[in-house]
Amino acid sequence: MQAIQLKNIHFTYPDQYQEILSGITLDICDGQKIALIGKNGCGKSTLLKIIMRELQPTSGSISYPVSIPEIGYLPQDLMFRSNITLRDYLLQVDINSYNIIKEINALSRINNLQEKDGLRLAELWQDYDQSNVIFWEQNVDVIIREMALNELSNQSCNTLSAGETTRVQLASLLLQNPDILILDEPTNHLDLKELIWLENWLNAYSKAILYVSHDRVFIDHTASKIIELEKGKVLIRTGNYQSFTKDKQELQEHQLKQFTQRTKLIGKLQKAAQKRHNWAKSFQKETRPEGGGFKYKSIFNAARTMNQQAKHIEERIIMLQNRFPIEKPIKDKTRKIMFSPTTGQQKELLSLKDIDFAYAEKQVLHNLYFDIWGGEKIWLAGANGKGKTTLMKIITGELKPAKGTVSYANFLRFGVYNQDLNTLPGNLTILEYLKQFSASKIEIRNFMGCLGLTGDIAYQKMEVLSWGEKAKVQLTALLCGEYNLLLLDEPTNHLDIKTREMLEKALNQYQGAAIFVSHDRAFIQNLATRKFELK
């Protein structure tokens, strides 16, 4: 059943002159798993806000064949700050039921109830029965089991990992029972186990799901339809990511062939029309070349006939261009990024021996031995909470091990990519921040341009940037420096597919070494030379 239909949607922000959405037409139907892809800043968030009725389109229409559907939305990078337990957080979805449960529990803990409190407790139990609160509690407990959250049900929400937070938010949305789920980059911060769990959950879900993701393998395993947003227009294909990329390439080749043939045909027609115009212009009406002979009137006028033929050819050109237009296929400019050449290839860069580390009484690393040599690309694997980020911080010296030694090569220079983008200074503009890493403004702007950070964005403050733009700024900082070891903690989070592929190529050509944490399976497969797993 069709749930939402968008027809010829256009949108322009009031402070801009260029359309961000141009003639979008698409349907969202029950049971579909739709992946929305596209470059950072291409308008995906704008389109989601229009679908959720947070923005009104400049023109076009949104229709609902049956009724206006309920939409559940999962934003990216939503973290808890409350110390409420996980179960209580989910019970709060029905706030009336939660308040009854909360007050019953509070009064039940009092040993010697006063008469008025006893009467109040009796009223609450009556409300509990009449409002079927027991069924609400059972429903919450079923969802907790289905989402594999049993062991966390009594844990404070502000202590949950990013992956656990995503599962809790999904559980909350399911309790709301929306007609459509909209998920904005749900795979960010999930480890491999959680990624596979989310894939299975999405595939088993019966209602419509529209999600934004740049994880190629995840899209391949879950999507039944792909929507790519590019230059304000959409390309829609049924199938997964592999079939989409194949179809898109074949379509571009076909369009380019048609465009080339049409261009040649119009060129020939224009030459033919011009040739006739030129002949008619030079035609002599007089019978003698010296121009003094007898002039006569003729029924047949060759110049007029030639001009008429030229006009018919020009009308055919206009008809081809207007009635049967063929646009030149959109093809991205081939952009390339490259890390600076390094020293110390084929030499040991650092060595960790017998490392122990603990947070309070929680042991994170024990008897750890680790080394890396020039040119290696090591995938630092392990579930969330197993110490990957801790190990990175020990290597950089930010944390000191309780036991063991860390040895560095005397020529070692390392660059760090931090997955917490909130650490970037929000009060600085992009250029002000990047000048710390390169004195050359030209070099900075070149790297920014390759990553799609163009125009006046260089003078915007970091605090107003999107997550994708912040990720690219941090990546630009690494490109500006000269390092022989890169420490990359989730570098693909928030990056679009094109940028991920550019980063893969740059790291493969990079002569130095890299230690990276990632759960992007395509990125890992294309880059890693060795796996080091923390358990």
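User: What makes Leu451 and Lys472 contacts of threonine 499?
Analyst: Contact means heavy atoms within 4.5 Å. Leaving aside neighbours within four places in sequence, threonine 499 is in contact with Leu451 and Lys472. This is a predicted model: local features need pLDDT of at least 70, side-chain atom pairs count only at pLDDT 80 or more, and totals for chains, interfaces and linings use all residues. Residues are numbered from 1 along each chain as its sequence is written, and side-chain values use heavy atoms, without hydrogens and water.

User: Why is threonine 499 called buried?
Analyst: Its relative accessible area is 4%. Buried means under 20%, exposed over 50%, partly exposed in between (1.4 Å probe, protein chains only). So threonine 499 counts as buried.

User: Where does threonine 499 lie?
Analyst: In helix α15, residues 497-509. Helices are DSSP runs (H or I, at least four residues) and strands likewise (E, at least two), numbered from the N terminus.

User: What makes β14 and β15 a pair?
Analyst: Two strands pair if DSSP finds at least two bridges between them. β14 and β15 (residues 485-489) have four, in the parallel sense. So they qualify as a pair. In one of these strands, β15, leucine 485 is the bridge partner of phenylalanine 414.

User: How does α14 sit relative to the sheet and to β14?
Analyst: α14 packs on the sheet, touching β14 and β15. Its direction makes about 180° with that of β14. Axes are lines fitted to C-alpha atoms, for helices over the stretch in contact, and angles run from 0 to 180 degrees between N-to-C directions.
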